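Subject: Structure handover

Hello,

Here is the structure I said I would pass on. My notes on it follow below.

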Amino acid sequence: MKVAIGGPLKVTFRPWVEGLENIPAEGPAILASNHLSFSDSFFLPAVLDRKVTFIAKAEYFTTPGVKGRLTAAFFKGVGQLPVDRSGARGAGEAAVKSGIEVLERGELFGIYPEGTRSPDGRLYRGKPGGLARVALATGAPVIPVAMIDTEKIQPPGKVLPKVMRPGIRIGRPLDFSRYQGMDHDRFVLRALTDEVMYEIMKLSGQEYVDMYATAAKRRIADAAKADKEAEKAAKAALAQAEKEQAAKEQADLERAEEEQAEDETADEEQAGEVRAEKEQER
């Protein structure tokens, strides 16, 4: 897959990389990256000599049919592990278990602390469950990674990617051995995650938003829904106003026609009276 996918990606998009020396030549390490695009999981492994294993939703591996089998084969080929997001604690437990297994094999484990793609290019609050627990359970160093401009290559809803140069900045490994044995302390998990997110922010130059990206996506979706409903209501009000205006114009027209008919009748009556008077005079 590095030849079939990585090679063409590097030739076509020519990604620039800073900090490759921070990736260890061997041994376990956690690559904690911001998440701007679906392509992040392809560009980062493409520029590294070592294999990087990410987690992906199980639906990519279980879709039936020929297309589903091809999709599953593709994601397995690029080093993605399926995670079942159902259950009480969802993807959290599955991500921790998968990450520990990868690191115990001495490999590189890639994770997006934000939990989902940024909806607007800003950096959102990291979720403390997966990243911090894996780091403390394995003692593996955490290497902050910043993806640059990948969201501009293929924005959501766009089928054909735009050919441009994305960037990747790789920071120095972070050692959290001082927190060993404290993986059940939620304040430690929060502090570790926030420290990683701060390093990612420095590398990426993104604006930081102190809320979860999932909550931001809900707000954006709710706002879009409200805008759509407001637009629908405005169109309905306009249609009603046009209907009422048409009814008023029709009523005015009918009233004018009635008045005209009454005037014509009165004129005829008056003319008849005049004729009668003249006949009487004669």
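K10 is a residue of helix α1, which covers residues 2-13. Please keep in mind that the model is predicted. K10 has a relative accessible area of 42%, so it counts as partly exposed. Leaving aside residues up to four places away in sequence, K10 touches P15 and A46. The C-alpha atoms of K10 and F43 are separated by 8.1 Å, although the two residues are 33 residues apart along the chain.

Next, the aromatic rings. A search of the whole structure gives four aromatic pairs. One of them is F13 with F43: the ring centres are 5.5 Å apart and the planes stand at 90°, so this pair is edge-to-face. It links distant parts of the chain, since F13 belongs to helix α1 and F43 to helix α2 (residues 40-46), 30 residues apart. F13 has a relative accessibility of 9% and therefore counts as buried, the cut-off being under 20%. F43, at 2% relative accessibility, also counts as buried. F176 and Y179 form an aromatic pair too, this one stacked, with 6.3 Å from centre to centre and 15° between the planes. Both F176 and Y179 are buried.

Helix α2 also holds D40. D40 is buried but has no salt bridge. What the D40 side chain does have is a polar contact with the side chain of H35, at 3.0 Å. Not counting residues up to four places away in sequence, the residues that D40 touches are N34, H35, P45, Y112, M147 and T150.

In soluble globular proteins, nonpolar side chains tend to be buried together. The largest nonpolar core here has 25 residues, and those touching the most other members are I30, F109, L131, V142, F176, L192 and V196. Two or more residues of this core come from each of β2 (29-33), α5 (91-104), β5 (108-111), α6 (128-138) and α8 (186-204). The element that gives the most is α8, with six residues. L192 touches A132, L136, F176 and Y179, again not counting residues up to four places away in sequence; F176 and Y179 are the stacked pair described above.

Regards

Methods:
Residues numbered from 1 in each chain as written. Predicted model: local features only at pLDDT ≥ 70, side-chain atom pairs only at ≥ 80, totals over all residues. Heavy atoms only, no water. Helix = DSSP H or I, 4+ residues; strand = E, 2+ residues; numbered from the N terminus. Buried < 20%, exposed > 50% of the residue type's maximum accessible area, 1.4 Å probe, protein only. Contact = heavy atoms within 4.5 Å. Phe/Tyr/Trp six-rings, centres within 6.5 Å; stacked < 30°, edge-to-face > 60°. Lys, Arg positive; Asp, Glu negative; His and termini not counted. Salt bridge = Lys/Arg side-chain N within 4 Å of Asp/Glu carboxyl O. Polar contact = N/O pair within 3.5 Å; in protein donor to acceptor, adjacent residues only side chain to side chain. Core = buried A, V, L, I, M, F, W, Y, C linked by side-chain atoms within 4.5 Å.
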